[in-house]
Amino acid sequence: MSKVRDQYEAFPYPERDPRDEKKRLILGSPSLPQEIDHFIFGGQHDWSKPLRILVAGGGTGDGLIQLTTLLTQYKRPFEATYIDLSKASRDVAEARAKARKLKNITFITGSLLDAPKYGPFDYIDCCGVLHHLPHPDEGFSKLRAALAPGGGMGFMVYAPYGRSGVYPLQEAFGALYAELSPKERIKAARKVYDRLPAGHPFKCNPNVNDHNAGDAGFYDLLLHSQDRAYDVTELYDTLERTGWALSDFVQPVQYDLAQFAPVPGNMDAIASMAVAEKLNGTLRTHTGYAVAAEDARGPANGKTRTLIPHIKGVQAKQLAQAIAQGQAPKLGDANLSGTLSLPREAAAILATIDGRRSLQEIATLAKLDPLAFGALWSKIENTLTPWGLLVFSNVLR
């Protein structure tokens, strides 16, 4: 692991300036409290009890800062442990936490393979780390051993097809510059990179851009000494082999074969997702949530009317207004796009979603009988959930 440690000592990643904490909070999946509740705790977590958090391989602190800042804002108790091999990365994460006056965080310089001795943990964040271990299965297994009963993990690992061209360059630069120091390697590699033909698979790949985000991004993407990717089948097999079960991916629509072609009746769910991943071709990461295999379960759903829905990433009232006007707002991005097609009647329900009202309370406000509300809500849930826009959580209650 010495080369990996040396890399992050020289180039802490992602590159962050603690002074920027005064200006913005970086948000993303995994490790949003509403997502954690939705995918791991069935939307019914008891937030009055301190959430025991492990940020495994926390880097410069994005996951740690996001989760602890939001829980602090929500006045929800927590005990967080951050662990990373790189002292330079830890220093950045610690400075960011200090800038925000965050409490109840223990910082450790070390390996995530030691996680069990610090646990157990209700929630584990491991984002962009497991694919850099010499033996990733060991990392998955050690994190499983650190998990408290009923808990789960938010993860991100690399996917192969959207990273087209990355691995040949990593291999070439490794063969050329393995013996150089990190700063000498990047200087030499940048000169070679500038000479690559325009038709190189990497230069033709619009899905990756970390190399444009400074030296840390360039090094992490193209000079990493230890890096592998998982296709969806390999990821499922790895989770099963190491004691985990997938709750779901954050955006299941990305793995929906029906987006591209009719699904053969004899094709199982994993095989269907594997084909969808190949047809999509743009996925550079898999982001989702996992739980203990012996307690396998999926995310929350609206069959439980006491649950509280949240609309993620968009303003519910603006969305309701668009639906009321008969519009079909666009969803997704350049990689996978769709439209939000809902009946006008759904607008009245969308307008009442505020992260605090339960489905029962929303139905009462909408003045709909249970059957009518159920039919309309099913359309809303089935449309929004695959895109990762709808989750259930009582964190704001």
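## Report on the predicted model

Leaving aside neighbours within four places in sequence, Gly42 is in contact with Asp37, Ala300 and Leu307. The model discussed here is a predicted one. Gly42 lies in the loop that runs between helix H2 (33-40) and strand S1 (51-56). With a relative accessible area of 23%, Gly42 is partly exposed, because the range for that class begins where the buried class, under 20%, ends. Gly42 and Val391 are separated by 349 residues in sequence, yet their C-alpha atoms are 9.8 Å apart in space.

### Overall architecture

The protein contains 14 helices and eleven strands. Its radius of gyration is 22 Å, close to the 21 Å given by the globule rule for 397 residues, so the protein is as compact as a globular protein of that length. Further values for the whole protein are set out below.

| Property of the protein | Value |
|---|---|
| Box filled by the C-alpha atoms, along the principal axes | roughly 70 × 50 × 40 Å |
| Buried residues, as a share of the 397 residues | 51% |
| Contacts between residues 24 or more positions apart, as a share of contacts with a separation of 6 or more | 79% |

### Strands S6 and S7

Strand S6 comprises residues 244-249 and is mostly covered, five of its six residues being buried. Strand S7 (residues 285-292) is joined to S6 by five bridges, and the two strands run antiparallel. Within this pairing, Ala245 has Val291 of S7 as its bridge partner.

### Helices H6 and H8

Two packed helices are described by the distance between their axes and by the angle between them. For helix H6 (residues 166-177) and helix H8 (residues 214-222), the axes come within 8 Å and cross at roughly 95°. H6 and H8 are therefore roughly perpendicular to each other, since angles of 65 to 115 degrees fall in that class.

On the H6 side, the contact involves Val166, Leu169, Gln170 and Phe173, which meet Asp220, Leu221 and Leu222 of H8. By residue type, the contact of H6 with H8 divides into five nonpolar residues, one polar and one charged.

### Summary

Within it, S6 and S7 form an antiparallel pair, whereas H6 and H8 are roughly perpendicular. Gly42, in the loop between H2 and S1, is partly exposed and is in contact with residues including Ala300 and Leu307.

Note on methods: Residues numbered from 1 in each chain as written. Predicted model: local features only at pLDDT ≥ 70, side-chain atom pairs only at ≥ 80, totals over all residues. Heavy atoms only, no water. Buried < 20%, exposed > 50% of the residue type's maximum accessible area, 1.4 Å probe, protein only. Helix = DSSP H or I, 4+ residues; strand = E, 2+ residues; numbered from the N terminus. Pairing = 2+ DSSP bridges. Axes fitted to C-alpha atoms, helices over the stretch in contact; angles between N-to-C directions. Parallel < 35°, antiparallel > 145°, perpendicular 65-115°, else oblique. Contact = heavy atoms within 4.5 Å. Nonpolar A, V, L, I, M, F, W, Y, C, P; charged D, E, K, R; others polar. Rg over C-alpha atoms; globule rule 2.2 N^0.38 Å.
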